[in-house]
Amino acid sequence: MSLPPLVEPAAELTVDEVRRYSRHLIIPDVGMDGQKRLKNAKVLCVGAGGLGSPALMYLAAAGVGTLGIVEFDTVDESNLQRQIIHGQSDIGRSKGESARDSVKEINPYVNVILHDERLDNDNVMEIFAGYDLIVDGTDNFATRYLVNDAAVLLGKPYVWGSIYRFDGQASVFWAEHGPCYRCLYPEAPPPGMVPSCAEGGVLGVLCASIGSIQVTEAIKLLAGVGEPLVGRLMIYDALEMQYRQVKVRKDPNCVLCGDNPTVTELIDYEAFCGVVSEEAQAAAMGSTITSKQLKEWIDEGESIDIIDVREVNEYEIVSIPGARLIPKNEFLMGNALQDLPQDKRIVLHCKTGVRSAEVLAVLKSAGFADAVHLGGGVIGWVNQIEPHKPVY
């Protein structure tokens, strides 16, 4: 559907701005009027990571007058494979500050507002209120639902994107004109069901593909051109180089934007999304060991069987000495239980401790009462015991 422009045009463009944006100005659908609207726009990008990097860079290049950046993390070397707004010299810096400096280098006419904090229930409404449009570059379900709910409650449109391995999705959610994120995904997936990019990986260039689509949608909304992805989910398969669309209808029974909403204020999103299942939390209670404790057991020759529940490609990057690989899914399907020793204590580990806690719950229910898992996973092990090894 065609929608009216989201913002009014600025009074004028300077001579320098006309030169800079000349390739936009000669497009009939953009022209002076559209570029003035971009200049007058205030866009907030949630996150300066995989999706936020290309989004911020192209929003700046396009001439969006005010760009807000919400980011609390620091630049890590593993980010550089895909988060192209940061460079080698930025490792250890605030991502927000690094992104701000890159934006100013791309376009000095952009006003950058840095929100160097984690987005949460206490600040989201105040931050969002100052912007016309939100671009969601988050990578976890709790923040996605937070962004959606705040946008709906404030009547703001937002452009959503998601990436995983070779697959990407994008859409525009604007409850006043179509569905919201909850219409598409009423409930968060069960804990551990959908791996994060940190667990499953992502093709670096996929971020550019989806991030550029998000910026395209943002420009269309701000300038009032074309048909935005309101009510449509765009799905991209990079391996097949194939795009397809799925219609998303507004759900009249949506708890947030439906005819009789029951969610009328922000909720506890960590609890709603359940980062770790209740079963895993219960299993880990009193059955979580530290890296130092595991090192002592190894050195003392304790009768233990160290099992790595990650995937093969993760195991090849780094592993704990003596650990054998049995991926998590083998336990969930029940295939691995018959191969576990009865005369040794099982010690489970994954990357950070989330997946191993889920597997621990399976083992506890199967009768392995003394099984434990490693808090902090192999990352904690490397940091505390073998710092010369790589992390990912």
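Two strands count as paired if DSSP finds at least two bridges between them. Helices (H or I, at least four residues) and strands (E, at least two) are DSSP runs, numbered from the N terminus. With that in hand, look at A170, whose bridge partner in β7 is M234.

This is a predicted model, in which local features need pLDDT of at least 70 and side-chain atom pairs count only at pLDDT 80 or more, while totals for chains, interfaces and linings use all residues. Residues are numbered from 1 along each chain as its sequence is written, and side-chain values use heavy atoms, with hydrogens and water left out.

Strand β6 (residues 167-173) and strand β7 (residues 232-237) are antiparallel and share four bridges. They belong to an open sheet of eight strands with mixed pairing, in the order β3-β2-β1-β4-β5-β6-β7-β8. β3 (111-115) and β8 (242-247) each have a single partner strand, so one side of each is left without a neighbour in the sheet. On average, neighbouring strands of this sheet are turned by 15° against each other, direction ignored. Helix α4 (residues 52-62) packs on the sheet and touches β1 (42-46), β2 (66-70) and β4 (133-136). The direction of α4 makes about 165° with that of β2; such angles run from 0 to 180 degrees between N-to-C directions, with axes as lines fitted to C-alpha atoms, for helices over the stretch in contact. Contact here means heavy atoms within 4.5 Å.

## Rings and charges

The whole structure holds nine aromatic pairs. Rings of Phe, Tyr and Trp (its six-membered ring) pair if their centres lie within 6.5 Å; planes under 30 degrees apart count as stacked, over 60 as edge-to-face and the rest as tilted. Y158 and F173 make a tilted pair, 5.6 Å centre to centre with 40° between the planes. Y158 lies in strand β5 (residues 158-164) and F173 in strand β6, 15 residues apart. Y158 is buried at 1% relative accessible area, and F173 is buried at 2%. Buried means under 20% relative accessible area, exposed over 50%, and partly exposed in between (1.4 Å probe, protein chains only).

A charge sits over a ring if NZ of Lys or CZ of Arg is within 6 Å of the ring centre and within 35 degrees of the ring normal.

| Arginine | Ring | Distance to ring centre |
|---|---|---|
| R144 | F141 | 5.1 Å |
| R182 | F272 | 4.9 Å |

A second open sheet has five strands, in the order β9-β13-β12-β10-β11, with parallel pairing. Strand β10 (residues 304-308) runs parallel to β12, joined by five bridges, and I306 has V347 of β12 as its bridge partner. Helix α16 packs on this sheet, touching β12 and β13, and its direction makes about 150° with that of β12.

Helix α16 (residues 354-365) has twelve residues and reaches 17 Å from its first C-alpha to its last, close to the expected 16 Å. That expected span is 1.5 Å times one less than the number of residues. Buried residues of α16 include R355, E358 and L360. Just after α16, G367 takes a positive phi of about 105°.

Where is S287 placed? It is in the loop between α12 and β9 (288-289). S287 is buried, at 9% relative accessible area. Leaving aside neighbours within four places in sequence, S287 is in contact with L360, K364, A371, V372 and H373.
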